[in-house]
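Look at the sequence and the structure first, then read on.

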Amino acid sequence: MEMEEKFDAIIVGAGASGLGAAYSLAKSGFNVVVLERGQRIGAKNVYGGRIYSHVFEKEIPGFKEDAPVERWVTGERLTFLDDSSAATLELSSDFSSENSFITTLSKFNEWLGKKVEETGGLVISGIKVDDLIIEGSTVKGIVAGEERLFADVVIDAEGVNPILAKKAGLRGDWNPHEVAVGVKEVIKLPESVIEDRFNLNHGEGAANLFLGYASRYGFGGGFLYTAKDTISIGVVVRVDSAIANRISVYDIVEDFRLHPYISKLIKDGSPIEYSAHLVPEAGIHGVPKLYGNGILLTGDAAGFVLNRGFTVRGVDFAFLSGVIAAETIRKAHEEGDFSASTLSHYEQRLKESVVFRELENFRKVPNLLSNLRFFETYPKLLCEILKDAYTVGEDSKKIYPLLKNKMRDRVSMITLIRDIISVVRNL
Ligand SMILES: Cc1cc2nc3c(=O)[nH]c(=O)nc-3n(C[C@H](O)[C@H](O)[C@H](O)COP(=O)(O)OP(=O)(O)OC[C@H]3O[C@@H](n4cnc5c(N)ncnc54)[C@H](O)[C@@H]3O)c2cc1C
């Protein structure tokens, strides 16, 4: 790169949001560069395992034929765990709509990076952006080591810990209850073994989320996704919960993998990868100021993740926010004005998009998921009641007395009914 080169847009971070913005801008002929601190695209990106496809199909028609899709999800499971048992709700379907797929995020982002380059964008890895160039109150470019690069606009797509956005005064630090730490292990197993164990046909995949013991009964949960010849397992625990329980998340994931339900599913597999990452958990409440003079904020940097306990949307929201940022830049370019007033179009367009619609629709979810009964009382109760109900001695037990007996001193019937109503209403 030449010193003091000027771009239409500089994008910091080659995750799904930065690459979404770059792809959309490069496609319309903009001179755009993505700077990524990892040694290669994908090196720093961590997630559970599943991406919802709708947004990608719309923006990159035919992406399914080209993208590194490993399996289409046909099996959904939500499992409640106590220390030794598991109660699972399972949906098995052909999901012919190809609604979501399992892939490795690093491979997927690498593929997106190729798409950016095919459309004329530049992606440079191994460069950490250290600072913004700010003149007056306007962002004019970035500083990376000795290099200074200028652009009409900078997109901060740094992910969950956006140092530049803080420097630009767009966001502050997360509070411990607004962010979770996720730890993930990838386990290699032959394709046929995965398909047998999860009752899958070739190309089909299973997604399994867990509540209860998975997070050692704290705020959080576990996940398991079957890729082609690997299984990803992991736990996500809210930072306040991890601090309060004084237990390391690494120990929690180790206990999770040793749980009898999980250990059978990953038996004889070889761990090939281990990673940890933060994930925004505050929903709409964690969305900061999204634009300033010459700067836009996308993806996790803007808090665009929705965790409903049984679905997690982050990658598709990240990508779409990048696409909408690109659309805003095209409009600003037409008007020849990159001030906050023109860039405010970004927020307006996001509000009309599925990103804000979903975050708004589920605005009560972070609060709902701050109820410890969902993570401790109910998973334990469900497992205990089902164990007793299925244990046939001389006399079988009726469900209602069993329920009353197990609930004693733990939760009242009124609280249980209230919790059920709040789930049905808000989730
Ligand atoms: C454990 C876990 C499980 C998850 N499960 C799912 C799931 O199953 N499905 C789903 O859709 N979402 C899931 N998510 C959320 C999802 O991963 C994110 O929402 C999404 O990847 C965010 O994309 P992004 O581009 O905003 O950020 P990131 O993917 O974090 O990318 C940011 C990039 O910016 C780079 N960067 C940062 N700072 C700099 C700098 N100063 N200079 C240069 N480069 C920089 C980083 O190296 C990184 O590559 C999960 C997240 C976690 C942690």
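## Domains

The centres of domain 1 and domain 2 are 28 Å apart, taken over C-alpha atoms. Their contact takes 15 residues from domain 1 and 14 residues from domain 2. Here contact means heavy atoms within 4.5 Å. The chain is divided into domain 1 (6–68 + 103–174 + 285–352), domain 2 (177–280) and domain 3 (368–426). These bounds come from an automatic or database domain assignment.

This is a predicted model, in which local features need pLDDT of at least 70, side-chain atom pairs count only at pLDDT 80 or more, and totals for chains, interfaces and linings use all residues. Residues are numbered from 1 along each chain as its sequence is written, and side-chain values use heavy atoms, with hydrogens and water left out.

## The ligand and its shell

Where does the ligand lie? Domain 1 and domain 2 both give residues to the shell around the ligand, so the ligand lies between them. There are 37 residues around the ligand, and Glu 36, Gly 48, Arg 50, Val 129 and Asp 300 come nearest. The shell divides into 18 nonpolar, eleven polar and eight charged residues. In this count, Ala, Val, Leu, Ile, Met, Phe, Trp, Tyr, Cys and Pro are nonpolar, Asp, Glu, Lys and Arg are charged, and the others, Gly among them, are polar.

Several elements supply at least two shell residues each: helix H1 (16–27), strand S2 (32–36), strand S15 (270–280), strand S19 (312–313) and helix H10 (315–335). S15 gives the most, with three residues. Helices (H or I, at least four residues) and strands (E, at least two) are DSSP runs, numbered from the N terminus.

## Atoms that meet the ligand

The side chain of Arg 37 has an N or O atom 3.0 Å from an oxygen atom of the ligand. A polar backbone atom of Gly 48 is 2.8 Å from a nitrogen atom of the ligand. For Val 129, a backbone N or O atom lies 2.9 Å from a nitrogen atom of the ligand. On its own, the ligand has 1000 Å² of accessible area, and the protein covers 97% of it. Accessible areas come from the Shrake-Rupley method with a 1.4 Å probe; for residues, only the protein chains shown count as cover.

Arg 37 sits in the loop between S2 and strand S3 (50–52). Leaving aside neighbours within four places in sequence, Arg 37 is in contact with Lys 44, Gly 126, Ile 127 and Lys 128.

## Glu 185

Glu 185 is in strand S11 (residues 179–188). Is Glu 185 buried or exposed? Glu 185 is buried, with a relative accessible area of 5%. Buried means under 20% relative accessible area, exposed over 50%, and partly exposed in between (1.4 Å probe, protein chains only).

The side chains of Glu 185 and Arg 257 are joined by a polar contact of 3.0 Å. A polar contact is a pair of N or O atoms within 3.5 Å; within protein, one must be able to donate a hydrogen and the other to accept it, and residues adjacent in sequence count only if both atoms are side-chain atoms.

## Two positive phi values

Most residues other than glycine have a negative phi. Asn 199 has a positive phi, near 60°. Asn 199 is in the loop between helix H6 (191–197) and strand S12 (204–212). Asn 199 is exposed, with a relative accessible area of 65%.

Tyr 217 also has a positive phi, near 70°. Tyr 217 is in the loop between S12 and strand S13 (220–226). Tyr 217 counts as buried, at 10% relative accessibility.

How values were computed:
Near = heavy atom within 4 Å.
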